[in-house]
Amino acid sequence: MDKYQNPLESRYCSDEMLYNFSPDKKFTTWRKLWVALAEVEKELGLDISDEQIKELKDNVSNIDFAQAAEYEKKFRHDVMAHVHAYGDVAPNARPIIHLGATSAFVGDNTDLIQIRDGFELIKKKLVNVINGLHKFALEYKDLPTLGFTHYQPAQLTTVGKRATLWLQSVLLDLEELEFRIQTLRFRGVKGTTGTAASFKELFNGDFQKVKDLDKELSGRFGFSNVFKVSGQTYDRKVDAQALELLSNIAQSAHKFTNDLRLLQNLKEVEEPFEKNQIGSSAMAYKRNPMRSERISSLAKFVISLAASPAMVASTQWFERTLDDSANKRLSIPQAFLAVDAILIIWNNILDGMVVYPKMIEKHIHEELPFMATEYIIMEGVKNGGDRQELHEIIRTHSMEAARQVKMEGKSNDLIERIIEDQRVNIDKNKLVQLLNPSNFIGFASEQTVEFLEHEVQPILDKYKDLLGIETDLKV
């Protein structure tokens, strides 16, 4: 192993996504496009024989990659290299391969097919993340937990309600993904600068036949939406939109792992930790959240990649320049591979996430007395107390209790202080009952159930055929 290996391939992503951006998928698609071009041109009256088309079809997968590489080294042109390599194995069809087309016919249309198929692979894994979060939110919809603002203890929520916040972000991503799939346009058959000039010559100026060629060929590859106008290439804005979507998915995943890593530090919720897993080479007791850290690392990479196609789209010259090519070869496949890996890991986490209710309860009881002070003041006023006097009494007790917690490491004794203070005119038994955490979660449970029923379940019903995927990690 004396050459660099891309870790996205060797360590992280799925075989199906690797195939989607593989040379085999790319160049067999090129040949399928050439076959379809010849077929439709023949149907529209060009002098192309059935024998030539059969020869092309018979050799779609018969690719001599070494020979194509030699041709490219000679011509410095990847499309012409493969035209010649295809012609070598289909000599009778050689004269009509790529007839009327420009390089972007195979290059750009294949890119769009790979983007579309990549989106479908992402959608399946994203739907399964939604399913995993749905199950988690439903199971823990009623379990009170500390809410945090500014990472400081705030009003209570529930573990399930917090999971709906993760879910909401993913639903926005799926909504955008569905839109991108539905509106993705094929480049189709447009000619060298998008004017179809070569096809005007081939079809003797018949514009309707040129339009029929464009529509029929695009439909054969599953695209009902086709660019009406283009330069030599499809609008590079498409690439920028695709990677912005992938960046958005990465952002949602990163947010989830940020929260989970903080919760794992609190010992409230943990990602899976296997029997033989080692957290640290030095500290044998450690349970590092390596899955979450892996997601956050990959997510940063994807977010950074989103800038590349944006710069390409903004700097293309007129009908096309070639300074997009190397960038596209790197940024688009790697963004898809990385998001594929992120979703595999995310599903793996959701398959085995662990909640520790006793630790959650412990942290609630450390903070709940402070949160209950407003309720105590209101109860004291109802019983005839002076609101301002009660506020000062409880403020003083709160400051002292907090001082003892922070300075002396003692437990929070605020409630005991209030119970013993005769100036606080409330029923002591009622005060103890008031401190049930479930009294402080507002409508968190109801909000969770309503959200899952009305927002999430319809998606799971719609995509029930996509549920269930392999979530084992490569390493």
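**Notebook: charges, overall form and one hairpin**

I began with the charges of the chain, and found that the mean position of its 60 positive charges and that of its 70 negative charges are 2 Å apart. I note here that the model is predicted, and I read every entry below with that in mind.

I then looked up the secondary structure, where I counted 20 helices and 4 strands in the chain. The radius of gyration came next: at 31 Å it lies well over the 23 Å that the globule rule gives for 475 residues, so I take the chain to be more spread out than a compact globule. Along the principal axes, I find that the C-alpha trace spans about 105 × 50 × 40 Å.

For burial, I find that 51% of the 475 residues in the chain are buried, while the chain exposes about 24200 Å², of which carbon and sulfur atoms supply 52%. Turning to contacts between residues at least 6 apart in sequence, I see that 78% of them join residues at least 24 apart.

How many bridges join strand 1 to strand 2? I find 6 between strand 1, residues 144–149, and strand 2, residues 152–158, and the two run antiparallel. One pairing I noted by residue is that of phenylalanine 148, whose bridge partner in strand 2 is proline 153. Strand 1 and strand 2 form a hairpin with 2 residues between them, and in this turn I recorded histidine 150 as having a positive phi of about 60 degrees.

Note on methods
Residues numbered from 1 in each chain as written. Predicted model: local features only at pLDDT ≥ 70, side-chain atom pairs only at ≥ 80, totals over all residues. Heavy atoms only, no water. Rg over C-alpha atoms; globule rule 2.2 N^0.38 Å. Buried < 20%, exposed > 50% of the residue type's maximum accessible area, 1.4 Å probe, protein only. Contact = heavy atoms within 4.5 Å. Areas by Shrake-Rupley, 256 points an atom, 1.4 Å probe, with all protein chains shown as cover. Lys, Arg positive; Asp, Glu negative; His and termini not counted. Charge placed at Lys NZ, Arg CZ, Asp CG, Glu CD. Pairing = 2+ DSSP bridges.
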